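Here is a short report for a reader new to this structure. Look through the sequence and the model, then read on.

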Amino acid sequence: MKERKELKDLEKNTHNHTHNHSHSNTNSGIKEYMPAIISFTMLLIGVAADYFNLASFFKGFIRIVWYTIAYLPVGLPVVKEGWLSIKRGNYFTEFLLMSIATIGAFAIGEYPEGVAVMLFYAVGELFQSAAVTRAKSNIQALLDVRPKAALVFRNNEYISVLPDAIKIGEKIRVRSGEKVPVDGVLFSAKASLNTAAITGESKPATIGKNDVIYAGSINLQDVIEIKATKEFKDSSIARILELVQNATARKSKTELFIRKFAKVYTPIVVFLAMGLTLFPYFFVDDYVFRDWLYRALIFLVISCPCALVISIPLGYFGGLGAASKNGILFKGASFLDTIAKVNTLVMDKTGTITKGVFKIQEIHTLIMEEKEMMQYVLALEATSTHPIAQALLDYPLDETFKAIDANEIAGKGLKGIVNNKKVLVGNAALLLDYKIDALTEIEDVVESSVLIAIDGQFAGYVIIADEIKEDAKETISEAYKVGVKDFYIFSGDRDSITKKVAKEINVLRAKGGLLPEQKLKEVEDIMTNPNAVVAFVGDGINDAPVLAVSDVGIAMGGLGSDVAIETADVIIQTDQPSKIVQAIKIGKSTRIIVWQNIALAFGVKLIVLLLGAGGLATMWAAVFADVGVALLAILNAVRLQRMKW
């Protein structure tokens, strides 16, 4: 029940066009469609009786009662909603337009048309409700993957608790087919996980011991154990739910404009309809009140802003749902609009373009074999917790030496006795302290280097570097195709390393060695160009100021800091740079769909309005101009759910 309530709250935020008569839960089945079915059946029988003289008694009072009964199932809820809106002070609504038009049709004896207008309006609302439900399917999937319980190790046994009750550091057991309750690290040797709800990746992910594991992932194979690193309220799945639910409350400029437009437009339409009924009396010789009232009623039906008010929020909601399905979270519909206009892409380096994990790139030896030198190196590095030490320890060795008297020298490296030899492992400053010159050997090396000296002799060096993400280079070429013309890389890492990485992925403008405030100034300078629409992509705490000031801030959400994720407008759950291009494509597709719907609604309505005012359009044409166009707009918006980017 809690999940269903959250979905209803979400629908209310997303779709202020909610009506009592149509937005019941689609799971209510046939009951939801019964009013429309009853009205449609009675309308068909009535029309057949009228046009084929099937019943001689179907005239006068009986005919009025028949069509009135046919009208009530679909018309009464709308009339009631119109009355309630008036009591709330909201006088000019589509409920009022439809009520006046259909009751007016009854007043002039056009009973079948009065029923038909309200029936097709109700059917349109049912289609709309189904479309909203379809667009919400991805968010429903997220709600469904929230774990309901967790097995936590307490007092020497595993007990079942709610995910909210799990504390950081507790050991949790997850059986095959169960959902991971909180973010943590894997205790077990390996695990195979379905992470589709978190990352949008349908292929199962295999992770190893001590790797990060996200709440909402489904364990596919053996029983695994994890250690909680976050409380449930801070977990990835809780964060996604909060972001997506809040996103629907942040309207795009187009959506806000249409809502304001509808508030002004509707009363104008009502007064124009009154004028269309009464003013011809003073200018037309053969004025017939009934004819001009009929034209005014047609005018009211055509003018109903239903297609616009329905299809535009639905278009944006479809874009938000499609993005979340692909592991991209927009914090509001407004950012779908803005990202579609991005022409300048500024990126951080570490954790954005690169993996943020040091790896051994090259090993150069001078006085001994590689494996032997690495035995000395790893013996010392095993005593350190530095990230570079962890990268070196990944080197495969069958056996290692043991270090004695190992000491860490702050900012320089390690020293100790290994295999009865004095060993130094660190930077050039460490070796210079012991009168060992290695600068000539490494002067052309751009990346970070670990230098090794054994018994006072320079033995070699290991190049350590952050790996570039597999799709980083492809991202630049694809971004250019979707309208991004200018690319920059700004990093706090060394300038030489930053420029080397930029060159590898074909970015011409790069600058390293930047403090957070310097990075911010560089982006602000770019934004002084009035034509620049800037998206900044980062993942660290130091990126938060730039994420906040840029037109669109994009955070890498998998490994990114909480501060960056909170500040950003768009979050890439998978940490893949290629998702940036996908986000731009989704924004552009959403914008195209929305403007197609606006053009369709205004175009058709204008044509039929002119025909109606001239007496050339019937109420049936008015039904198409309103409900028909609304249905077409809804179907167009639903296309977003089927698109591939």
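## Salt bridges

Asp234 is partly exposed, with a relative accessible area of 40%. Buried means under 20% relative accessible area, exposed over 50%, and partly exposed in between (1.4 Å probe, protein chains only). This is a predicted model: local features need pLDDT of at least 70, side-chain atom pairs count only at pLDDT 80 or more, and totals for chains, interfaces and linings use all residues. Residues are numbered from 1 along each chain as its sequence is written, and side-chain values use heavy atoms, with hydrogens and water left out.

Asp234 meets Lys233 in a salt bridge, 3.5 Å from N to O. The term covers a side-chain nitrogen of Lys or Arg within 4 Å of a carboxyl oxygen of Asp or Glu. Lys233 is exposed, at 58% relative accessible area. Glu231 joins Lys233 and Asp234 in a network of salt bridges. The structure holds 20 salt bridges.

Another salt bridge connects Lys412 and Asp433, with the closest N and O atoms 2.6 Å apart. This pair links distant parts of the chain, 21 residues apart. Lys412 sits in the loop between β13 (403–409) and β14 (413–418), and Asp433 in helix α15 (residues 428–433). Helices (H or I, at least four residues) and strands (E, at least two) are DSSP runs, numbered from the N terminus. Lys412 is partly exposed at 29% relative accessibility, and Asp433 is partly exposed at 42%.

## A kinked helix

Helix α3 covers residues 60–87, 28 residues in all. Its end C-alpha atoms are only 35 Å apart, short of the 40 Å a straight helix would reach at 1.5 Å a residue. That expected span is 1.5 Å times one less than the number of residues.

Where is the kink in α3? It lies at Leu72, shortly before the proline Pro73, and is about 60°. The bend at a residue is the angle between axes fitted to the seven residues ending there and the seven starting there. Buried residues of α3 include Arg63, Tyr67, Tyr71 and Glu81. Gly89 follows α3, with a positive phi near 90°.

## Strands

Strand β20 (residues 534–538) has 5 of its 5 residues buried, so it is largely enclosed by the rest of the structure. Val534, Phe536 and Gly538 point one way from β20, and Ala535 and Val537 the other way.

β20 pairs in the parallel sense with strand β11 (residues 344–347) over 4 bridges. Two strands pair if DSSP finds at least two bridges between them. Thr344 stands opposite Val534. β20 also runs parallel to strand β21 (residues 552–556), joined by 4 bridges. There, Gly553 is the bridge partner of Phe536.

Elsewhere, an open sheet of 3 strands has the order β6-β5-β8, with antiparallel pairing. Its edge strands are β6 (205–208) and β8 (218–219), each pairing on one side only.

## Aromatic rings

Rings of Phe, Tyr and Trp (its six-membered ring) pair if their centres lie within 6.5 Å; planes under 30 degrees apart count as stacked, over 60 as edge-to-face and the rest as tilted. The count comes to 10 aromatic pairs. One of them is Tyr281 with Phe282, edge-to-face at 5.3 Å centre to centre and 85° between the planes. Tyr281 is exposed at 53% relative accessibility, and Phe282 is exposed at 60%.

Phe58, Trp66, Tyr67, Tyr71, Phe106 and Tyr111 form one aromatic cluster.
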